[in-house]
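Hi everyone, thanks for making time.

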Amino acid sequence: MPSQLSPHVSDIAPGRGALRPARSWLHSDAPSRSLNGSWRFRLSPTASVTEDFAADGFVDDGWDSIPVPSHWVLEGDGAYGRPIYTNIQFPFPIDPPHVPDENPTGDYRRRFDVPADWSDAERVVLRFDGVESLFRVWVNGVEIGSASGSRLAHEFDVTSAVRTGDNVIAVRVHQWSAASYVEDQDQWWLPGIFRDVTLIARPAGGIEDVWLRTGFDHARGRGSVEAEITADAAAFPVTLRIPELGVEHVWDTPADVAPLDVTGVEPWSAERPRLYDATVSTAAENIALRVGFRTVEIRGDRFLVNGSRVVFHGVNRHETHPERGRVFDEEHAREDLARMKRFNVNAIRTSHYPPHPRLLDLADELGFWVVLECDLETHGFDKVGWVGNPSDDPAWREAYLDRIRRTVERDKNHPSIVIWSLGNESGTGGNLAAMSAWVHARDTGRPVHYEGDYTGEYTDIYSRMYASVPETEQIGADGTRSALLNCTPAQSARQRTKPFLLCEYAHAMGNGPGAFDQYEALVRQYPRLHGGFVWEWRDHGILATAPDGTPYYAYGGDFGEVVHDGNFVMDGMLLSNDVPTPSLHEYKAVVQPVEFVFDGGKVAVTNLRHSADTSDLLFRWRVEHDGLSVASGDLEIPVVAAGESQWASLPPIAVAPDAETWLTIDAVLAAPTPWAPEGHVIATAQLDCSTRRPVPAVRLQADWRPGDGTLSLGVAEFAGGSLIRLAGRPVTGPRLELFRAPTDNDESPADRIEDSDNSIDGVSSADLWRRDGLDRLTTRRVSVEHTADALRTLDKVSAADSALSVMVESVWSLEDGELELRVEIEPSRGWQTVWPRIGVRFELPDGAAPVDGAQWFGLGPLETYPDSLRAARTGLFSATVHDLSVDYARPQETGHRSELRRLALTSGSTEVLRIEALPDTRGRRPGFTLSRHTPQQIARAGHPFELGDSSTSHLIVDAAQHGLGSRTCGPDVWPEFALRPESRTIRLRISAG
Ligand code: GAL
């Protein structure tokens, strides 16, 4: 069936036959039919199968069925191939614009009905909201057209092809096409018709498109509407109604359409997303819109909405779901956005393509500043030095322009969208500049962003990804003469005239990142810095089943891909199963919009919001003695305007003589919102009101004598100098533990100038730790001594083929009738690297009543590390062993709780052992980890299911832990939080529960 429309998979053109110009995604009362549902489906391994299936009379009885929308690789239990994950790599030869003959091709067919009353329609339009990557469409055997641009909408005029009654539609989808070269985003490759297919009747006298450009003049407090109506002259008059504002305005002819001033308007902002229902109508059609009034403006190096500087506390959001892939699920998306709001996220970058159009309705409604990004990335050309990069090849110009037009036109009505982004990591070149010029001409109301425009030739915002803290500071600081990355001095000067944002920062892969607070401090200090977007919101795991039937979240390589990028696709603050990681809690605390500063008996409350005051908040206080609440109440704080502060008196605080006294203040929602219930905590602060209590001095024994080490001391029993039981329960240890199961950041090669002084370029910290044998330490007992009520052992700990060592002196004694363990850890000279931890490990094998939980007084409730402490508060917490660890997609260090005072190991609800942690001479307290697995076991597992069951509990008490950093994509652990080998003391008082 040869056809002149027949596209070739290597065709650079964005398809043929789709309607232009692209239109908004409108809510119209014109009739339409969803063609979502069950379609007939056949998958072929190549693109060259015959096209006879498109014929009306073709018999598809033998075909399978597949749901639309879906990705075929996620259907049929592997019968239709498997997902492929690559970050930058192309999963096919770099041979642009060609793709291999092995090109999975899905043929789809279904029948549909056109109602008789559609015969009045002027046109019938077929709309595809997303098909990956190139498709052709036939209706009743007539070829209609083709299109690429996977995450973009395409409409076709099918008026002459459809008939009243029964019709057949056939669609051929190729997984690979020339378009794949410009859709090389870091995500799964997921072919198929994955968004809605809709048949639309366009009435005569209808409205083709409408754009209500709304503005808000904050000085005069007035709104404005500038309407762009695309309709035949015969369709007029057109009426705009905004009932709540009393607007009913009729334009009799196209020439009449002029801007309107609207009074009594409340502005739209991400904080107070005030929307007004509007309709735009002709006699034949009504379009419903929800308008928000806001004005976006760049003034000097400030990015302003309604006259106020915006700080983006944003996340990069991919469309990803463990079972559906990029298929949109409104309920799930709404909950995801509500969760963002609950965690103080106020902005979304739609990395790296337009999301399902409905997502933007949700963003308008719930309130987010949105950077809407075009579907464009050519990152794989990096490998060949950007030779042949489509971004600078005139042959690709039209394809680039087609993409940006479809992006802007579809979503132009949304108040939440405040910036257009041309795409991601596509090098630079004339086609990007042309896209930008097109946007500037089309929409003067929103600036253009593209990170790859380093020198700022054609974009309005200075944007970088993963700039280090010092570099970010250098960008923020005024008057610095030094050149910015990839810029000449003149270009640097130009960039410094613009607002700056970090379109990606703080790579949240695995356990991490550290240092959110350092970036936030800079944003507070330098107004040119407008915050940024964490990489990224959620893990992209795909639900799979292990050979033993255990469900797990798969990442790159789990589907046998030829090339892949492993777990680099698991870098979200949310796990694949929607569970927030501690990093999201940390983020929430760092960006909390209310700041508390204590001073004497007063607290200053500062409102850091964009424009909303604090009238939606209540302030609650409570006083705790060693974590137990003894008093609470409400704090009277006058309403604080955005950017302002108010002082308030603190309540009277009863300070305990023999317990720590802490005051906690929470700012909570006074009333429910669409995203959180009443009482939801927005911001928290704590004040330590404790009286200082002396730490018992170390009692040095003088009468040590050699012994066989078999004795009992308090609740401890020893044999041969080694602990065998505590409180009658088998326990071994303490054993020096310097290893942690490397985090993804620990496993990342050092490649940045700012990495810690001890790093080796190209080598990860974890490699250095393994090189030095930290994961395989051995012990030689040097001596065992005792007195009447104390036992001392000296161990030399070192690894095979290493002369480096650590001396560990353990002294067990009875102090005030209680068992005390003091461990002195002293490294030899010559250790070169940072250490992951300095701790001691105890093993508690399963007994009659296995340890299955902990209650502690210290920092909690979640894990903390030196550069990620802000979400923690001092309090009394409890958790099961299982809940003390986070199920990172690739098992790694997890569960460390810092600044421990007291710990009870529990079995059921019974305390079996109590441990009090004494501060060292510098006042530093240890942290603890309680886990079913040792760091060495965790380090060997690729997925949680590989860890297997264990009923042994491993307690590690750490004098110190190394920070987390962000080295998987960004800076290493900041020097202040890097752990260098050093002497440390751990002191514990142990008693029976
Ligand atoms: C960026 C890129 C993102 C993602 C991230 C690393 O360079 O824009 O798409 O790949 O790195 O996870």
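In which sense does α3 pass α4, left-handed or right-handed? The crossing is right-handed. Before I go on, please keep in mind that what you see is a predicted model.

Let's stay with that pair of helices for a moment. Helix α3 covers residues 397-411 and helix α4 covers residues 430-442. Their axes come within 9 Å and cross at roughly 35°. If you want to find the contact on screen, look on the α3 side for R397, Y400, L401, I404, R405, V408 and E409. On the α4 side, the residues they meet are G430, N431, L432, A434, M435, W438, V439 and R442. Sorted by class, this contact of α3 with α4 holds 9 nonpolar, 2 polar and 4 charged residues. An α-helix has 3.6 residues a turn, so residues three or four places apart point the same way.

Now please move along to strand β34, residues 529-534. How many of its residues are buried? The count is 6 of 6, and the strand is mostly covered. Two strands pair with β34, and I'll take them in turn. Strand β27, residues 312-316, pairs with β34 in the parallel sense over 4 bridges. Within that pairing, H313 stands opposite G532 of β34. Strand β33, residues 500-505, also runs parallel to β34, with 3 bridges between them. Here Y505 is the residue opposite V534 in β34. To get from β33 to β34, the chain goes through helix α7, residues 516-525, and this β-α-β crossover is right-handed.

P513 sits in the loop between β33 and α7, and the peptide bond from G512 to P513 is cis, with omega near 0°.

What packs around here? Take helix α8, residues 582-590, which is mostly covered, with 8 of its 9 residues buried. The buried ones are P582, S583, L584, E586, Y587, K588, A589 and V590. And which elements do the buried residues of α8 pack against? They pack against β27, α1 (330-342), β33, α7, β34 and β43 (681-688).

The one I'd show you now is made of 3 strands in the order β37-β38-β41, with antiparallel pairing. Its edge strands are β37 (594-599) and β41 (645-649), and each of them pairs on one side only. On average, neighbouring strands of this sheet are turned by 25° against each other, direction ignored. Strand β38, residues 602-607, is joined to β41 by 5 bridges and runs antiparallel to it. As a landmark, T606 stands opposite S645 in β41.

The other sheet has 10 strands, also open and antiparallel, in the order β44-β50-β51-β52-β53-β61-β58-β57-β55-β56. Why is one side of β44 and of β56 left without a neighbour in the sheet? Both β44 (705-706) and β56 (873-880) stand at the edges with a single partner strand each, so one side of each has no neighbour in the sheet. Further in, strand β53, residues 818-827, pairs with strand β61, residues 984-992, in the antiparallel sense over 7 bridges.

Most residues other than glycine have a negative phi, and most peptide bonds are trans. We already saw the cis bond from G512 to P513. Another cis peptide bond joins R20 and P21, with omega about -10°, and P21 belongs to the loop between β1 (15-16) and β2 (27-28).

As for phi, D77 has a positive value near 50° and is not a glycine. D77 lies in the loop between β5 (64-68) and β6 (84-86). Its relative accessibility is 80%, so D77 counts as exposed. N486 is also a residue other than glycine with a positive phi, about 65°. Its place is the loop between α5 (469-476) and α6 (489-496). Is N486 exposed, buried or partly exposed? With 48% relative accessibility, N486 counts as partly exposed.

That's the tour, and I'm happy to go back to any part of it.

Terms used. Residues are numbered from 1 along each chain as its sequence is written. This is a predicted model: local features need pLDDT of at least 70, side-chain atom pairs count only at pLDDT 80 or more; totals for chains, interfaces and linings use all residues. Side-chain values use heavy atoms; hydrogens and water are left out. Axes are lines fitted to C-alpha atoms, for helices over the stretch in contact, and angles run from 0 to 180 degrees between N-to-C directions. A crossing is left-handed if the near helix is turned anticlockwise from the far one by less than a right angle, and right-handed if clockwise. Contact means heavy atoms within 4.5 Å. Ala, Val, Leu, Ile, Met, Phe, Trp, Tyr, Cys and Pro count as nonpolar, Asp, Glu, Lys and Arg as charged, and the others, Gly among them, as polar. Buried means under 20% relative accessible area, exposed over 50%, partly exposed in between (1.4 Å probe, protein chains only). Two strands pair if DSSP finds at least two bridges between them. A crossover is right-handed if, with the strands pointing away from the viewer, the path from the first strand over the helix to the second runs clockwise.
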